[in-house]
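Here is a short briefing on one protein chain. Read it alongside the sequence and the coordinates.

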Amino acid sequence: MTKAHPLLFLLLVCGLHPLASGQSAQKPLAQMPASARQLIAIKVSGSKRFAEDAIAATTGLQLNTAVGEDDFKKAARRLGDTGAFRDIGYTYSYTAAGTKLELQVTDADKFVPARFEDFVWFSDAEIRRRVKEHAPLFDGELPISGRMADEVSDVLQAMLVENAVPGHVNYLRLSKPDGPVEAIQYSVSDVLIRVRNIEFTGVAAADLPALEAAAQAFSGREYSRTRLDLFVQRQLLPVYYGRGHLKAVCGEPQPKVVAEPAAEPEEGPRNQTVVDVTFAITPGAQYTLKSLEWAGNHEFPTDTLQKMVPAALGKPANTVRLAEELEEVQKLYGSRGLITASIKVQAQFNDAAGTVTVRLEVTEGPVYHMGDLEFRGLDNSLTAKLRDAWKLRQGDVYDATYLDSYLPQAHKLLPSRLDWEVSPHVTANVRDKTVDVDIIYSVKAPN
């Protein structure tokens with residue numbers, strides 16, 4: 001469970017005004033008549049993120065109802081519990097006409113996107129609308145602490161129950177190892193969601209066969225936004241990038257439920273939902289390659305690199321093939337010990353002419369040398385044979401391609417009656433610019 005955001009301060013100031021009775025100071029609010037205790041206004045200042053009415057709604061206070069100091073404390077605490085604010089304070093004043101509350105808030109430092117992984121029964125717009133009804137501060141992002149994440153979960157669970165979906169809502173705070181939280185992801189457990197068909201809108205007839213071939217491979221797989229995002233980036237958009245449509249855009253997946261989950265289905269797994277998914281694709285303009293320019297390369301002349309990346313000038317720019325060719329260029333650099341060499345691709349578009357100039361900026365980095373070599377899982381005799389066959393000596397310029405040629409040769413030195421499994425590990429030591437190679441051998445168990 002997440003901890004509530006601490007309430008950093010409560011500022012309680014009661015306005016001091018002369019009373020008609022001639023007293024020098026006002027009475028405590030609780031001692032005032034009902035008319036003076038009617039809440040007639042809530043003013044909010046300090047937030048750069050949220051609308052004033054959304055913050056007022058989150059307090060739980062209702063206009064034209066009687067209030068007291070305890071109500072203001074609870075309202076401030078509600079705001080603090082959301083995690084959306086770093087500081088919260090308030091003042092209030094009252095007259096015979098009623099009480100006015102003024103809130104001073106400071107937004108929390110960090111908010112992250114809320115991701116809805118597999119809520120195929122509802123559109124994103126419907127989810128946002130329902131969540132905002134119960135959590136007025138929700139705008140598609142959430143504070144990294146506080147109760148708002150739980151409130152979203154509660155709304156999603158209620159939506160599942162209302163629609164007789166036998167699932168349970170889970171959420172995770174996503175981050176890279178030892179990194180900050182980057183998103184809060186919501187998903188449904190206890191329901192298996194399968195993709196039946198993937199369809200497309202906005203595509204030309206010539207592009208459809210390649211898209212459908214890619215989609216066929218996804219049919220029958222489990223639905224999730226994460227999987228479909230990877231599918232789009234690795235399978236769908238490359239269809240266009242390979243044909244010069246370098247600004248092609250694919251919309252969010254639009255799932256349509258074609259079979260509801262059933263506790264006791266006649267066919268298939270229990271609690272299975274089947275969906276069809278539609279992608280709207282905007283191919284954009286087709287660009288031809290005007291020129292290919294190199295910069296930053298010193299180890300290899302431009303002519304050498306250009307032969308590895310043959311540019312078809314005047315033809316549709318194919319960045320898929322370019323990426324494959326640049327992988328070979330990086331292998332070439334790795335063979336000279338430049339294992340951290342990188343190539344940045346920059347595209348300069350001329351929309352009026354429909355052309356693109358591609359600039360390849362090379363950062364070669366330092367030269368790495370051979371470090372320690374270790375063999376594991378072998379007896380001393382075999383280790384000696386394999387070590388003798390390794391031709392890169394400690395201190396030599398490291399060749400990142402050597403391991404690929406060495407392993408097949410080394411395999412011939414192992415007892416052929418056994419089924420060997422090899423797992424190489426390569427570690428680059430940034431401090432002393434060396435590369436350690438650790439090769440682990442094991443014998444596969446018989447079937």
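Three elements each supply at least two residues to the lining of the largest pocket: strand 4 (111-116), helix 3 (124-134) and helix 6 (225-241). The model is predicted.

**Largest pocket**

- The volume of the largest pocket is about 270 Å³.
- Its lining consists of Ala114, Arg115, Phe116, Glu117, Asp124, Arg128, Arg225, Thr226, Asp229 and Glu252.
- Seven of the lining residues are charged, two are nonpolar and one is polar.
- The largest pocket lies between domain 2 (111-189) and domain 3 (193-258 + 273-282), because both give residues to its lining.

**Arg225, a lining residue**

- Arg225 belongs to the lining of the largest pocket and sits in helix 6.
- Its relative accessible area is 15%. The cut-off for buried is under 20%, so Arg225 counts as buried.
- Beyond its neighbours within four places in sequence, Arg225 is in contact with Phe116, Glu117, Asp124, Glu252 and Pro253.

**Domains**

- The domain assignment divides the chain into domain 1 (29-107), domain 2 (111-189), domain 3 (193-258 + 273-282), domain 4 (288-363) and domain 5 (369-443).
- Domain 3 is given as two segments, 193-258 and 273-282.
- The centres of domain 2 and domain 4, taken over C-alpha atoms, are 42 Å apart.

**Nonpolar cores**

- The largest nonpolar core has 76 residues.
- Phe119, Tyr186 and Phe279 have the most contacts inside this core.
- Another core, of 21 residues, lies apart from it and includes Leu382, Leu407, Trp420 and Val437.
- In soluble globular proteins, nonpolar side chains tend to be buried together.
- With neighbours within four places in sequence left aside, Phe119 is in contact with Ile127, Leu156, Leu160, Val169, Tyr186, Ser187 and Val188.

**The loop between helix 4 and strand 6**

- Ala164 and Val165 both lie in the loop between helix 4 (148-162) and strand 6 (168-175).
- Val165 is buried, at 5% relative accessible area.
- Ala164 is exposed, at 61% relative accessibility.
- Val165 and Val188 are 23 residues apart in sequence, and their C-alpha atoms are 9.8 Å apart in space.

- Most residues other than glycine have a negative phi.
- Ala164 is not a glycine, yet has a positive phi of about 55°.
- Asn64 is not a glycine either, and has a positive phi of about 65°.
- Asn64 is placed in the loop between helix 1 (52-58) and helix 2 (69-82).
- Its relative accessibility is 58%. Exposed means over 50%, so Asn64 counts as exposed.

**Tyr287**

- Tyr287 is in the loop between strand 11 (272-282) and strand 12 (288-295).
- Is Tyr287 buried or exposed? Tyr287 counts as buried, at 4% relative accessibility.
- Neighbours within four places in sequence aside, Tyr287 is in contact with Gly244, Leu246, Lys247, Lys315, Pro316, Ala317, Phe349, Asn350, Asp351, Gly354, Thr355 and Val356.
- Tyr287 and Ser442 are 155 residues apart along the chain, with 51 Å between their C-alpha atoms.

Technical notes. Residues are numbered from 1 along each chain as its sequence is written. This is a predicted model: local features need pLDDT of at least 70, side-chain atom pairs count only at pLDDT 80 or more; totals for chains, interfaces and linings use all residues. Side-chain values use heavy atoms; hydrogens and water are left out. On a 1 Å grid over the protein atoms alone, a cavity is a set of points where a 1.4 Å probe fits but cannot get out, and a pocket is an open set with protein on both sides within 12 Å along at least five of seven lines; lining residues have an atom within 4 Å of a point. Grid points are joined across faces, edges and corners, and a volume is the space filled by probe spheres set on the points. Helices (H or I, at least four residues) and strands (E, at least two) are DSSP runs, numbered from the N terminus. Ala, Val, Leu, Ile, Met, Phe, Trp, Tyr, Cys and Pro count as nonpolar, Asp, Glu, Lys and Arg as charged, and the others, Gly among them, as polar. Domain bounds come from an automatic or database domain assignment. A nonpolar core is a set of buried Ala, Val, Leu, Ile, Met, Phe, Trp, Tyr and Cys residues joined through side-chain atoms within 4.5 Å. Buried means under 20% relative accessible area, exposed over 50%, partly exposed in between (1.4 Å probe, protein chains only). Contact means heavy atoms within 4.5 Å.
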